[in-house]
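Please look at the sequence and the 3D structure shown here before reading the report.

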Amino acid sequence: MLSKNIESALNDQVRIEAESSQAYLSMASWAETHGLEGISKFMYAQSDEERAHMLKMVKFINERGGHAQVTELKAPKTAYSTFKEMFEELYKHEVFVSESINELVHISLTEKDYATHNFLQWYVAEQIEEEAQAKNILDKINLIGDDKGGLYLFDRDIQQLTANKGA
Ligand code: OFO
């Protein structure tokens, strides 16, 4: 059974995962309308992943005797000056999500809720992977600089990344 405090902290995370999904969906749409097909596919897949993270948390809350809340979401940004700026935001967002998951882990330990602590380990691992991926992509973008040919190849390669993830 979840304590009220943990239930509410988990519900905050449900909202954050939903907002992440919307933010990446907005990035996907922006990329799609700017001729960046590979990047847009990558972002659509990221958006789906975030929705899956949200659903996993909704199920856990309800299974543990709580009530997962579906709430109003903050509207994401809809335009970016460059695709680099967009990926910088993705990276910053992932770092923010990791901090939020860490805080949840801390609360679960403080309350000795080991079931929630165990459940959260999946998110801890996922965030390590997503932060590393976002950092990796940003490093590549910095290598490309203003080279249009480089951007073409990057857009093609990132599509491969999506395919490899099986998304
Ligand atoms: Fe939900 O995994 Fe990143 O944000």
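## Basis of the report

This is a predicted model, in which local features need pLDDT of at least 70 and side-chain atom pairs count only at pLDDT 80 or more, while totals for chains, interfaces and linings use all residues. Residues are numbered from 1 along each chain as its sequence is written, and side-chain values use heavy atoms, with hydrogens and water left out.

## Helix α2

Helices here are DSSP runs (H or I, at least four residues), and strands are runs of E of at least two residues, both numbered from the N terminus. Helix α2 covers residues 37–63. Its 27 residues should span 39 Å at 1.5 Å a residue, and the end C-alpha atoms are 39 Å apart, so the two values agree. The expected span is 1.5 Å times one less than the number of residues. After α2 comes Gly65, whose phi is positive, near 85°.

## Nonpolar cores

A nonpolar core is a set of buried Ala, Val, Leu, Ile, Met, Phe, Trp, Tyr and Cys residues joined through side-chain atoms within 4.5 Å. Buried means under 20% relative accessible area, exposed means over 50%, and partly exposed lies in between (1.4 Å probe, protein chains only). In soluble globular proteins, nonpolar side chains tend to be buried together.

The largest nonpolar core has 22 residues, and Ile39, Met43, Phe83, Met86, Phe87 and Phe154 have the most contacts inside it. Helices α1 (4–32), α2, α3, α4 (114–144) and α5 (148–164) each supply at least two residues of this core. The most come from α1, which gives six residues. Apart from this core lies another, of 21 residues, including Ile16, Met54, Val97 and Ile101.

What is Ile39 in contact with, leaving aside its neighbours within four places in sequence? Its partners are Ala31, Phe83, Met86, Phe87, Phe154, Asp155 and Ile158, where contact means heavy atoms within 4.5 Å.

## Aromatic rings

Rings of Phe, Tyr and Trp (its six-membered ring) pair if their centres lie within 6.5 Å; planes under 30 degrees apart count as stacked, over 60 as edge-to-face and the rest as tilted. By this rule there are seven aromatic pairs. One of them is the tilted pair of Phe42 and Phe87, with 6.1 Å centre to centre and 40° between the planes. This pair links distant parts of the chain, as Phe42 in α2 and Phe87 in α3 (residues 83–110) are 45 residues apart. Both Phe42 and Phe87 are buried. Phe42, Phe83, Phe87 and Phe154 form one aromatic cluster.

The charged end of Lys56 sits over the ring of Trp122, 4.5 Å from the ring centre. This requires NZ of Lys or CZ of Arg within 6 Å of the ring centre and within 35 degrees of the ring normal.

## Salt bridges

The whole structure has eight salt bridges, each a side-chain nitrogen of Lys or Arg within 4 Å of a carboxyl oxygen of Asp or Glu. In the bridge between Glu19 and Arg15, the closest N and O atoms are 3.5 Å apart. Both residues lie in α1, four residues apart, about one turn of the helix. Glu19 counts as buried because its relative accessibility is 14%, whereas Arg15, at 29%, is partly exposed. Asp12, Arg15 and Glu19 are linked in a network of salt bridges.

Another bridge joins Glu85 and Lys77, with the closest N and O atoms 2.8 Å apart.

## Single residues

Ser21 is found in α1 and counts as buried, at 9% relative accessibility. Not counting residues up to four places away in sequence, Ser21 touches Ser47, Glu50 and Arg51.
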